[in-house]
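Let's take a walk through a protein together, one spot at a time. Have the picture open and keep turning it as you read.

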Amino acid sequence: MRVTSVSPSPSTTGPSGNPPRGRTRLPFSAWHLLLAPLALVFAIPLIWLLLSSVMSDAEINRFPPALWPSEIDLGGYRYVLGNAMFPRWFANSLIVSVVAVASNLLLGALGGYAFARMRFAGSRVLLALMLATMAIPFQLTMIPTFLVMKQFGLIDTLGALIVPSLVTPFAVFLFRQFFLSLPRELEEAAWIDGCSRLRVLFLVVLPLSRPALSTVAVLTFLTTWNDLTWPLIAINHDTQYTLQLGLTTFQGQHHTRWSAVMAGNVITVLPVLLAFLFAQKSFIQSITSSGIKG
C-alpha cells in the first residue's frame, strides 16, 4: 500500500508553517459599528432627562440651555417626593399594573392553551374575531367601555382601570403561538400519568413557557403603567390618579418648576426601564420562538 503525504497548501499556511493572518477579525460583530451610534441617538432623550432632573431651574430655563449641570441639585427630587399625593399616585399605578400583569398571565395562558390544543366548534372563527379586535382603535371603544364601567359603578375607582385590562387579545395570541411551538409528546406523557388539562398546563406547559410569560408580563406592565388616556377619562378624584395622570396634573400646576417635572419623569420611567432590561433576553427569545408557527 502506498502512503502519500499531503503537504500543506501554500494558500493555507505561511512561510513558517502557521496560518496566514489575513484580515483582522473584530472582537465584536460588525453590526455593532452601526447599532452603537443608533443606540446612543435613542438614549439622548433619557440622558437629557436624567441630567435635567439634577439641574436647577435657572440652568434649565437658560438659553442656550446648559448641557451639563454645574453642580448636582436634588431640589427637584425633594420637591416631588415631598408632595403628599405623589406616593399615592405611585401606589395606584403599581396596584393597577401588578393586577393587570397577573390576570393577563393567568387568563391569557388559559385562553392561549385552549386555542392551541383544544378543538371546539367555532374555534377558528372565534380566534379570528378576537384578533380582529386588535385592529380597532381605542378611540372607538372608550365610550362604550366608559358606559359599561359606569353601569358597574366603577367610575372614579381603580376598578375602572383594572377591569378593562384583565386580559388582552395580544396576550392570548402570544401564548397560543408559543404553545404551538412546544412538542405535544410532553403533554401526552402527562395525560398517560393521569393529569388533567389544567394540571398539564400548570405543571408541564407553563414551566416551559418562561419566555412567553416574561414577554406578556413586560408588555402588559409597560402598557398599563404608561397609560394616560383611559385614566384621564375614568378617574376624576386626585386620590385615585395613576402616576402618569398625576404627573400631568403636577406639570400643569407647577410648570415653572421644570426640575421637579424632570425628576417626576425620571421616577416614572425608572420602573419601566428596569422591567425591560431584566426581561430583555426572555422577550427576544419569545418573539423569535412564537413566530415559528402560524
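Which loop does Asp156 lie in? Find the loop between α6 and α7 (159-162), and Asp156 is there. Helix names like these come from DSSP runs numbered from the N terminus, where a helix is H or I over at least four residues and a strand is E over at least two. Before going on, know that this is a predicted model, in which local features need pLDDT of at least 70, side-chain atom pairs count only at pLDDT 80 or more, and totals for chains, interfaces and linings use all residues. Residues are numbered from 1 along each chain as its sequence is written, and side-chain values use heavy atoms, with hydrogens and water left out.

Back to Asp156. Its phi angle is near 70°, a positive value in a residue other than glycine. Asp156 counts as partly exposed because its relative accessible area is 25%. On this scale, buried means under 20% relative accessible area, exposed means over 50%, and partly exposed is in between (1.4 Å probe, protein chains only).

Next, look at helix α6 itself, residues 138-151, where you'll find Phe138. Phe138 is partly exposed, at 32% relative accessible area, while Trp230 is buried at 4%. A search of the whole structure turns up 8 aromatic pairs. In the pair made by Phe138 and Trp230, the ring centres are 6.1 Å apart and the planes sit at 85°, so we call it edge-to-face. Trp230 belongs to helix α12 (residues 229-234), so this pair ties together parts that are 92 residues apart in sequence. As for the rule, rings of Phe, Tyr and Trp (its six-membered ring) pair if their centres lie within 6.5 Å; planes under 30 degrees apart are stacked, over 60 edge-to-face, and the rest tilted. Ring pairs also link Phe86, Trp89 and Tyr241 into a cluster.

Now for charges. The structure holds 1 salt bridge, and it joins the side chains of Glu187 and Arg117, at 2.8 Å from N to O. Glu187 is in helix α9 (residues 184-192) and Arg117 is in helix α4, so the bridge ties together parts 70 residues apart in sequence. A salt bridge here is a side-chain nitrogen of Lys or Arg within 4 Å of a carboxyl oxygen of Asp or Glu. Both Glu187 and Arg117 are buried.

Patches are made of residues with over 30% relative accessible area and no salt bridge, joining like charges within 9 Å and nonpolar side chains (Val, Leu, Ile, Met, Phe, Trp, Tyr) within 5 Å. Arg119 sits in the loop between α4 (86-117) and α5 (123-132), and Arg119 is exposed, at 59%.

There's a nonpolar surface patch too: Leu46, Leu270, Leu273, Leu274, Phe276, Leu277 and Phe278, with about 670 Å² of accessible area together. Such areas come from the Shrake-Rupley method with a 1.4 Å probe, and for residues only the protein chains shown count as cover. Helix α14 (residues 258-278) gives the most to this patch, with 6 residues. Phe276 is in that helix and is partly exposed at 32%. Ile267 is also found in helix α14, but Ile267 counts as buried, at 18%.

One last stop: Ile72, in the loop between α2 (57-61) and α3 (75-81). With a relative accessible area of 62%, Ile72 is exposed.
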